[in-house]
There are 2 protein chains.
Amino acid sequence: MDSAVVALDIGGTAIKAALLDRELTELKVLRQPTARALGGHTTAAAVAEQVVALTGELTGGGRPAGVGVVVPGIVDGGVAHYSSNLGWREVPFAAILAERLGVPVAFDHDVRAGGLAEATVGAARGVANSAFLPVGTGIAVAIMIDGKPYASGGYAGEIGHADVGHGLPCPCGAVGCLEAVASASAIGRRYAERTGRADEGARVVVDAARAGDPDARAIFDEAVDALARGLRLLTTVLAPEVVVLGGGLFGAGEFLVEPVRRALGEYLTFQRAPELRMAELGDRAGCLGAGLLAWQVTDAAGIGA
Amino acid sequence: MDSAVVALDIGGTAIKAALLDRELTELKVLRQPTARALGGHTTAAAVAEQVVALTGELTGGGRPAGVGVVVPGIVDGGVAHYSSNLGWREVPFAAILAERLGVPVAFDHDVRAGGLAEATVGAARGVANSAFLPVGTGIAVAIMIDGKPYASGGYAGEIGHADVGHGLPCPCGAVGCLEAVASASAIGRRYAERTGRADEGARVVVDAARAGDPDARAIFDEAVDALARGLRLLTTVLAPEVVVLGGGLFGAGEFLVEPVRRALGEYLTFQRAPELRMAELGDRAGCLGAGLLAWQVTDAAGIGA
């Protein structure tokens, strides 16, 4: 198994796991619900147990060359400082797994890993300075500088909580956050609030907007404007050459990208407009990024040995 | 003269020039108005002539080890793509000067060079990820990543044109730009417009605000709020550990920094607040940064020889 790594993208509800060779070919793929211990909590111990079991299952009981794991939250230096989806605080998960697995372990942030994958084998390959903007339950951005993710202690990239001026409250406690009107969950919730219907998620709202429902159109248009404003500030401050648009919401394709591109073009004056590209790796980005990180840590350990 | 470089910070009105040893000690300093050719234009040819003359004057006719030059505008890869202060477009000034001077030449952006100086020998020395925010006629930010300036083709760092929500027009053509209410020039102009008095610059407004003038206080408070909002977005997206505050406006010291820090603290929820530090190098930052870049290019040429 020296020729393969195990990669795991651990979310609050599900784990995507894969056995990957050096070309990131998926030799084997598994998905399962994230482990919950007694009381329904996702504890680090229960998830570590699950990672060990999944590694064994993927390798047929052998030892992989290395393991890469990514999670949401504030993650840096092998430690999950805070992950609201997992309910973790200050979990040194890299060290925990390295002890359990006995192979080199990389542990990092899911969105940054996804950005690394898109910048290495996806939509932004060959681009020095790019950004990966997945829009799903939340919104964060992976900032890629010279092809490498920029972390700043795990605190960078929280563009979902940049003020885009709509004046509405965000669960984070601030006002005007991009995420509060443009995330998939916000779109579903806001449409439900506006119409009195049940929240059936963003896809239903996007489809209704496409079909001409004026309530859906209003919610959709506000999300478009907020995304364009978020991209304006990213462009103004960071000037990425390419922004890779991903996450569930951009499953809407050109119906969403086209008005976002047009609104961004109207907001920019002298700035260099980034090329907006659709993500190529879909929901595999985080897992493939975990695989790239696993190979990096494995190669570094090899050099050290 | 192998032990010294010549550093020049060329602005629209004046040039600061210095002869610097490897420790950036100012062996000799000169200031003079920026050359204007016939018709009052600042041509690249006239300025190149002036750089040659200043280099001769600083070195007593000898050859320095290298020369570093910085200008405002969109500068990258040795070329000034656009500099409104100098009236330049697509000027390959590094190549022009290298041919005239016969020594290694570095040519870069004034604010990024200032950021490099503050991060190397100034207020952010030893800090990996910092930002240098000089507030003067305009507002830009030098983004320092692992101690190195981030340029992205020269387009990065235009935080003066981030939308901070005040809804007022900016000369750039957009609405809500930070620079339109918080630059020193905007503060002077807005106070003059509000009171019908002559525009005497930001310092007079700051002094009047300090003395209790309600018009000055209103203009000052709007600038404070805009700066805090600009710092909120910088913190949210880039999470610098330290932000170095400089430029003429921050000559106001704690009278300005204290309310900016307080307002920023109120805007942040889960983000990591950056440490706000006063710049240490004053208006020498750009010139010292040019010196650092001159030493870099000189050393690189030495390795290549």
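Reader: What rotation superposes chain A on chain B?
Author: A rotation of 180°, with 0.0 Å of shift along its axis. The RMSD is 0.0 Å. Keep in mind that this is a predicted model.

Reader: What relation is that?
Author: It is the relation of a two-fold axis.

Reader: Which C-alpha of chain A is nearest the axis?
Author: That of A:G165. It sits 3.0 Å from the axis.

Reader: How many contact residues of chain A recur in chain B, as a percentage?
Author: 100% of them. The same surface serves both copies.

Reader: And how many residues are in contact on each side?
Author: 33 residues of chain A are in contact with 33 residues of chain B.

Reader: How is the size of an interface given?
Author: Often as the accessible area lost when the parts come together. Here chain A and chain B bury about 2,800 Å² between them. Carbon and sulfur atoms account for 62% of it.

Reader: Which residues in chain A lose the most area to chain B?
Author: A:R232, A:V237 and A:F270. Together they make up 22% of what that side buries.

Reader: New topic, helices. At what angle do α1 and α2 of chain A cross?
Author: Roughly 45°, and their axes come within 10 Å. Helix α1 covers residues 44-59, and α2 covers residues 93-101. At that angle, α1(A) and α2(A) are therefore oblique to each other.

Reader: Is the crossing left-handed or right-handed?
Author: The crossing of α1(A) and α2(A) is right-handed. Residues making the contact include A:V47 and A:V51 of α1(A), and A:F93 and A:L97 of α2(A). By class, the contact has 9 nonpolar, 1 polar and 2 charged residues.

Reader: Now chain B. At what angle do α5 and α6 pack?
Author: About 65°, with their axes 8 Å apart. So α5(B) and α6(B) are roughly perpendicular to each other. Their crossing is left-handed.

Reader: Which residues meet there?
Author: B:A184, B:I187, B:G188 and B:Y191 in α5(B) meet B:A202, B:V205 and B:A208 in α6(B). Those divide into 6 nonpolar, 1 polar and no charged.

Reader: Last one. Where does A:F255 lie?
Author: A:F255 is in helix α8 of chain A, residues 254-267.

Reader: What does A:F255 touch?
Author: Leaving out residues up to four places away in sequence, A:F255 touches A:V206, A:A209, A:R210, A:R217 and A:F220.

Reader: How far apart are the C-alpha atoms of A:F255 and A:V67?
Author: They are separated by 38 Å. Along the chain, A:F255 and A:V67 are 188 residues apart.

Definitions and conventions:
Residues numbered from 1 in each chain as written. Chains lettered and ligands numbered in written order. Predicted model: local features only at pLDDT ≥ 70, side-chain atom pairs only at ≥ 80, totals over all residues. Heavy atoms only, no water. Axes fitted to C-alpha atoms, helices over the stretch in contact; angles between N-to-C directions. Helix = DSSP H or I, 4+ residues; strand = E, 2+ residues; numbered from the N terminus. Parallel < 35°, antiparallel > 145°, perpendicular 65-115°, else oblique. Left-handed = near helix turned anticlockwise from the far one by under 90°. Contact = heavy atoms within 4.5 Å. Nonpolar A, V, L, I, M, F, W, Y, C, P; charged D, E, K, R; others polar. Least-squares fit on C-alpha atoms with pLDDT ≥ 70 in both. Buried area = accessible area lost by both parts, 1.4 Å probe.
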